[in-house]
Structures are given as C-alpha cells and as structure tokens.
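Welcome, and thanks for taking a look at this one with me. Please open the structure beside this note and follow along point by point.

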Amino acid sequence: MLHTTQLYQHVPETRWPIVYSPRYNITFMGLEKLHPFDAGKWGKVINFLKEEKLLSDSMLVEAREASEEDLLVVHTRRYLNELKGNGHERDFMDDKRVYIMDVYNRHIYPGDRFAKQAIRRKVELEWGTEDDEYLDKVGRNIEKSLQEHLPDVVVYNAGTDILEGDRLGGLSISPAGIVKRDELVFRMVRGRHVPILMVTSGGYQKRTARIIADSILNLFGLGLIGPESPSISAQNSDTPLLPPAVP
C-alpha cells in the first residue's frame, strides 16, 4: 500500500547532519522553570554553538515529526504501545544483531529488571563515582564490547545526568570528565571506522547545555567531527545529532 509522508526532504550539501527543531524545547506558561529538567537545553546548546561561530541556521536540518501512520509503516501497533519505560532494551531483547552496553548507577537503574536482561555489557557504578574510575571503566568496556561485537553503526547515548550535583544520576563526574568521555567514545569508534550517531539524552541541571556545547566544540577542534571528516555517522557524516532524549 502506498503511503504519503512529509518526513523526507532534500538536504543541501551545505548543511551538517545536525538535526534540531525549536519544538524540542518544552514550555508551559513558564512552569517549566520550576522543573529540575532543563526543558530548553537543546535550544541553548544550539545557541552556544552559534555564539562560538561553529554553526548557523543554514547549516541545521530541522526535524520533522513522524505521524502514527508513518510509524505504522515499519512497526506494529503493539510495538509502539510497548515503547512506554526501557523501550530499546525490551524491544531488542531477543535481537542478537543489537549489542547494548550500559554504564549506570547500579542503585537506581534500571528499575525494569526484565529489560536489564537485554544489556549485554553492564557497567555498574557506585554512588558518587568520580572521573578517573568512570573514564577507566568506560574505556575498558567499550574496547571489550567492540572486540565482542563490531557494529555497523553505534548509537551513542551521551547523557549528562552523570554530572556532579545531579540528584537523579547520583554520580560525581566533572564537566571536564563529560567532555573527555565523549572524546574517548568518538576516538575508539572512529578508530574502527564505524559510523556513530550521538544523542544528547538526559541531564537535569541548567549547566548541562554549556557542557554539551563545549564537548561538541572539543570534538570539532580535534577533527573528530565536522563536514570535512571521513564518513562516520548514520547519515554519511560524522557530526553528532541533537535530538531530544531517547528511551
């Protein structure tokens, strides 16, 4: 059956594969300012990168929202209904093509014990874990994961809820540690010529937008991302994408 969609669009070569929409920034009569989650984080990241002269509006690809009809072309209604707690872990539970490595505070995540079974490499951390231990465990386990399963593409969930002071994450990673983590992941994945898609995900403090922007600037400065770099992302480039949080 033919299906008409508005999702596809021509993307000029002058644009980077940075997908963003102002609709990512949630507002509700100012009440969002009372919530611990910075609902305008993604817009702030883009603005910081514009201030640093890395980006302009003409370089961005504006996201288009998939309708339910679009999603039903490739998914069942049951699958869409099941996307509600740890969707990616439950949905790929029996799919051996998908390798999930997860690094988390073991005292608070994941609450879904069934979904936890889908994590092939569990890196469990204690309350207040700091930079050195965190970066060492991330590096060693990425190396082991890539040895066990060389992927066609890496979806990198670059959350900032690990930041010191985040009441929900419960870890003590510094801003510099987050920047170093992203650099570490990109170096290891790029070293194997694997495409990488970066999503900015969780992070519940007002300062996370600046940290994300600094990390992207660092990756660009090191030549790990950018329009002139070799193809390493899910859209035939290696620039990180900036969508809203993933499951």
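Predicted model: local features only at pLDDT ≥ 70, side-chain atom pairs only at ≥ 80, totals over all residues.

1. The protein chain has 247 residues, and 45% of them count as buried. Its accessible surface comes to about 14,200 Å², and carbon and sulfur atoms hold 53% of that surface.

2. For finding your way around, the secondary structure consists of eight helices and six strands. Among contacts in the chain with a separation of 6 or more, 68% are between residues 24 or more positions apart.

3. Helix 1 covers residues 41-51, and its buried residues are Lys41, Trp42, Gly43, Val45, Ile46 and Leu49. What lies over these buried residues? The cover includes strand 1 (19-20) and helix 8 (208-221). Just after helix 1 you can find lysine 53, with a positive phi of about 65 degrees.

4. Next, please go to tyrosine 134, which sits in helix 6 (residues 131-148). Is tyrosine 134 buried or exposed? Its relative accessibility is 4%, and buried means under 20%, so tyrosine 134 counts as buried.

5. Which residues does tyrosine 134 touch, leaving aside its neighbours within four places in sequence? They are Val103, Leu125, Thr129, Ile162, Ile173 and Arg181. Isoleucine 162 is 28 residues away from tyrosine 134 along the chain, while the C-alpha atoms of the two are separated by 9.8 Å. With arginine 181, tyrosine 134 makes a side-chain polar contact of 3.5 Å.

6. Arginine 181 also leads us to the cavity, as Arg181 is part of the lining of the largest cavity. The structure holds one cavity of 30 Å³ or more, and the volume of the largest cavity is about 30 Å³. Besides Arg181, the lining is made up of Ala158, Thr160, Ile178, Asp182, Met198, Thr200 and Ile212.

7. Which helix gives the largest share of that lining? Helix 7 (residues 175-190) does, with three residues. Sorted by class, the lining has four nonpolar, two polar and two charged residues.

Methods
Residues numbered from 1 in each chain as written. Heavy atoms only, no water. Helix = DSSP H or I, 4+ residues; strand = E, 2+ residues; numbered from the N terminus. Buried < 20%, exposed > 50% of the residue type's maximum accessible area, 1.4 Å probe, protein only. Contact = heavy atoms within 4.5 Å. Polar contact = N/O pair within 3.5 Å; in protein donor to acceptor, adjacent residues only side chain to side chain. 1 Å grid on protein atoms, 1.4 Å probe; cavity = no way out; pocket = protein on both sides within 12 Å on 5 of 7 lines; lining within 4 Å. Points joined across faces, edges and corners; volume = space filled by probe spheres on them. Nonpolar A, V, L, I, M, F, W, Y, C, P; charged D, E, K, R; others polar. Areas by Shrake-Rupley, 256 points an atom, 1.4 Å probe, with all protein chains shown as cover.
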